[in-house]
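Subject: Handover of a structure and notes on it

Dear colleague,

Please find below the structure that I am handing over to you. My notes on it follow.

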Amino acid sequence: MVTLSDLPDQSRADRTPPTPLELKLRRQRRVSSAIRYVLLIVVGLIMVYPLLWLVGAAFKTNSEIFNSPWFWPARPTLEGFREGWETSTPYNFGHFFLNSMWIVIPKVIGTAISCTLVAYGFARFEFPGKKILFAILIATLLLPDVVTRIPQYLLFRELGWLDTYLPLFVPSWVAGDAFFVFMVIQFLRAIPREMEEAARVDGANTAQTLIFIVVPMLMPAIISVCLFQFMWTMNDFLGPLIYISSVEKYPVSIALKLSIDATEAFNWNAILSMTVLALIPSLVVFFLAQKSFIEGISTGGVKG
Amino acid sequence: MGGDSKYLGLWYVSPYILGFAMFTAFPFITSFYLSFTDYDLLSAPEWVGLENYEKLFERDRTFKKSLSVTLTYVALTVPLKLTFALFIAVVLNYRLRGINVFRTAYYVPSILGGSVAIAVLWRYIFAEAGLVNMIITMLGGEPVNWFGDPGNALFTITLLRCWQFGSAMVIFLAALQSVDKSLYEAASIDGAGPWQIFRNITLPLITPVIFFNLIMQTVQAFQEFNGPYIITQGGPLKSTYLLPLYIYDEAFKSFDMGYASAIAWVLFLIIMVLTLLAFWSSKKWVYYAGDKRS
């Protein structure tokens with residue numbers, strides 16, 4: 001049934017009267033399209049309406065939020081943004097966004113570089129212990145973080161890194177996210193080796209081959225790694241919750257949680273407008289790179 | 001690449017070896033050790049043998065409650081989310097005009113994923129004076145106490161995670177699109193109905209991704225933290241107090257590192273056993289193309 005639309009519509013082409021089977025198939029197809037549209041629209045509304053409502057509510061007055069489920073604000077106001085931006089702390093939201101960047105930027109760069117190196121090693125070289133290491137890599141994909149979290153905390157405490165951003169991004173400099181390594185390996189395996197071999201014959205060493213031949217071809221994969229890491233890091237909550245204790249250093253995710261706790265019960269528009277702002281970076285990144293996202297998920301499989 | 005030393009590849013993977021040793025292997029072993037100790041960060045860990053585990057299973061009623069909430073949550077969330085994801089993937093696997101718009105719309109909530117912002121949004125949508133109750137009242141129903149009632153709170157968090165079915169759906173969709181179309185044609189000419197085709201052709205062919213999604217979603221559901229922490233703080237009456245919340249409280253609020261490690265290990269073993277069970281049972285129900293059994 002799924003592919004009936006793929007069948008060529010022969011009856012029109014050779015002008016013979018349609019057989020009963022063809023008629024049945026055509027009717028089925030039309031009915032099935034209609035049902036699918038209705039379903040898709042209803043479910044689509046459920047999916048998207050909460051987000052529409054959120055954006056609308058950010059521009060409403062508090063009394064309007066409580067009185068109408070309709071998303072469009074009757075008298076749009078920036079009051080919520082003005083109030084929310086100031087926060088209950090000595091810092092405004094811009095400060096917290098900047099803090100997030102101090103985590104995100106080193107983490108994304110470190111992930112891209114270390115994952116590319118490691119994936120190149122796994123996909124293009126034979127070396128002693130490779131099989132075991134690769135098995136470990138796959139096993140860590142399934143290892144729940146919950147079991148390593150406490151000793152990691154103790155380790156960073158020993159190093160004197162508590163209340164700094166180091167615990168949040170240093171692990172990614174040493175290919176800490178097995179998932180990304182795996183994704184790049186999968187991508188590399190699909191790229192033919194001829195170009196690299198030609199470069200080697202011309203006298204390039206492996207590092208030159210990696211930088212000038214492999215990395216340009218890997219760019220789509222590296223970009224999706226960066227995008228995923230960007231969004232996951234922006235969204236990370238538990239990491240900063242454990243490691244960052246001074247308000248001055250809070251990233252957006254923690255600042256947002258703080259603002260719920262600190263705001264009066266009925267001052268919703270201030271919180272909802274900051275919620276909108278917190279979602280904007282991820283949404284922008286997603287729409288800029290939608291295609292590579294969906295490809296990345298279907299090739300590597302992903303959390304979320 | 002002939003002339004290179006056979007250790008060259010090892011240099012490229014060395015960051016991973018270092019990272020794995022420092023941030024995975026070492027913590028993994030340490031947490032096992034810590035689970036047999038009493039450690040409050042002030043003095044050195046003190047070996048107590050099985051005491052933590054004994055306390056967990058014999059005296060700790062919070063643990064019992066938390067464990068049962070966690071199992072309920074996983075048993076509720078994983079099947080619901082996967083069924084929904086598969087259903088939508090089947091509906092989307094069709095040439096309709098504007099299909100890409102739908103795909104994007106369905107995927108956006110998942111991309112925003114575990115973010116705090118979405119949990120905050122949920123908290124306000126399902127609040128007593130929130131959007132959902134407003135719509136229910138408009139339709140003539142009684143408003144529901146979504147988070148205040150211990151019977152509803154966990155389900156509301158399940159709803160949040162089901163709303164984010166997008167990445168499971170995208171994986172299903174990719175698998176559905178790779179099913180050989182000629183099989184469908186042959187079956188429909190033989191007179192098979194849509195449900196028969198789905199049941200006997202589509203479903204067996206996509207069992208590998210069902211298996212993959214099942215494992216990933218289960219491992220993830222057992223570690224759910226952000227939703228209950230932000231939306232309900234584990235309440236009311238601990239009805240959303242999942243094990244990761246309990247571990248967090250024991251470790252980072254009470255600084256009882258040994259006890260928290262023991263809970264973490266119990267959680268880890270549950271996940272492990274279930275994953276192994278899934279792998280073991282997969283021989284019976286997962287079909288791999290090119291496989292002789294069918």
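Which helices of chain A and chain B are included in what covers the buried residues of H13(A)? The cover includes helix H5 (93-124), helix H11 (206-235), helix H12 (238-243) and helix H14 (268-288) of chain A, together with helix H5 (116-125) and helix H12 (226-231) of chain B. Helices here are DSSP runs of H or I with at least four residues, strands are runs of E with at least two, and both are numbered from the N terminus. Buried means under 20% relative accessible area, exposed means over 50%, and partly exposed lies in between, with a 1.4 Å probe and protein chains only. Contact means heavy atoms within 4.5 Å.

A word on conventions. This is a predicted model, in which local features need pLDDT of at least 70 and side-chain atom pairs count only at pLDDT 80 or more, while totals for chains, interfaces and linings use all residues. Residues are numbered from 1 along each chain as its sequence is written, chains are lettered from A and ligands numbered from 1 in the order in which they are written, and side-chain values use heavy atoms, with hydrogens and water left out.

The two chains

Chain A has 15 helices and zero strands, whereas chain B comes to 14 helices and two strands. Of the 304 residues of chain A, 52% count as buried; of the 294 residues of chain B, 55% do. The accessible surface of chain A is about 14,300 Å², with 67% of it belonging to carbon and sulfur atoms. Chain B exposes about 13,300 Å², and carbon and sulfur atoms supply 65% of that area. These areas come from the Shrake-Rupley method with a 1.4 Å probe, and for residues only the protein chains shown count as cover.

In chain A, 70% of the contacts with a separation of 6 or more are between residues 24 or more positions apart. For chain B, 68% of the contacts between residues at least 6 apart in sequence join residues at least 24 apart. The C-alpha atoms of chain B fill a box of roughly 75 × 75 × 35 Å along the principal axes. Chain B carries 20 positive and 19 negative side chains, and the centres of the two sets lie 10 Å apart. In this count Lys and Arg are positive and Asp and Glu negative, with His and the chain ends left out; each charge is placed at NZ of Lys, CZ of Arg, CG of Asp or CD of Glu.

The domains of chain A

Chain A is assigned domain 1 (4-82) and domain 2 (89-263 + 274-300), with bounds from an automatic or database domain assignment. The C-alpha centres of the two domains of chain A lie 35 Å apart. Four residues of domain 1 of chain A are in contact with five residues of domain 2 of chain A. Between them, these domains bury about 380 Å², 93% of it on carbon and sulfur atoms; buried area is the accessible area (1.4 Å probe) that two parts lose on being put together, summed over both.

Two covered helices of chain A

Helix H13 (residues 252-262) of chain A has eight of its eleven residues buried. Among them are Val252(A), Ile254(A), Leu256(A), Lys257(A) and Ile260(A).

Helix H8 (residues 166-173) of chain A is also mostly covered, with six of its eight residues buried. These are Pro167(A), Leu168(A), Phe169(A), Val170(A), Pro171(A) and Ser172(A). Their cover includes H5, helix H7 (149-158), H11 and H12 of chain A, together with helix H1 (8-34) of chain B. Just after H8(A), Ala175(A) takes a positive phi of about 50°.

Individual residues

Most residues other than glycine have a negative phi, and most peptide bonds are trans. Asp163(A), which is not a glycine, has a positive phi of about 60°. Asp163(A) lies in the loop between H7 and H8 of chain A and, at 17% relative accessibility, counts as buried. Leu237(B) likewise has a positive phi, near 50°. Leu237(B) sits in the loop between H12 and helix H13 (243-253) of chain B and is exposed, with a relative accessible area of 72%.

Thr206(A) belongs to helix H11 of chain A and is buried because its relative accessibility is 6%. Thr206(A) and Arg124(A) are 82 residues apart in sequence and 9.9 Å apart in space, C-alpha to C-alpha. Asn205(A) is in the loop between helix H10 (194-201) and H11 of chain A and is partly exposed at 39%.
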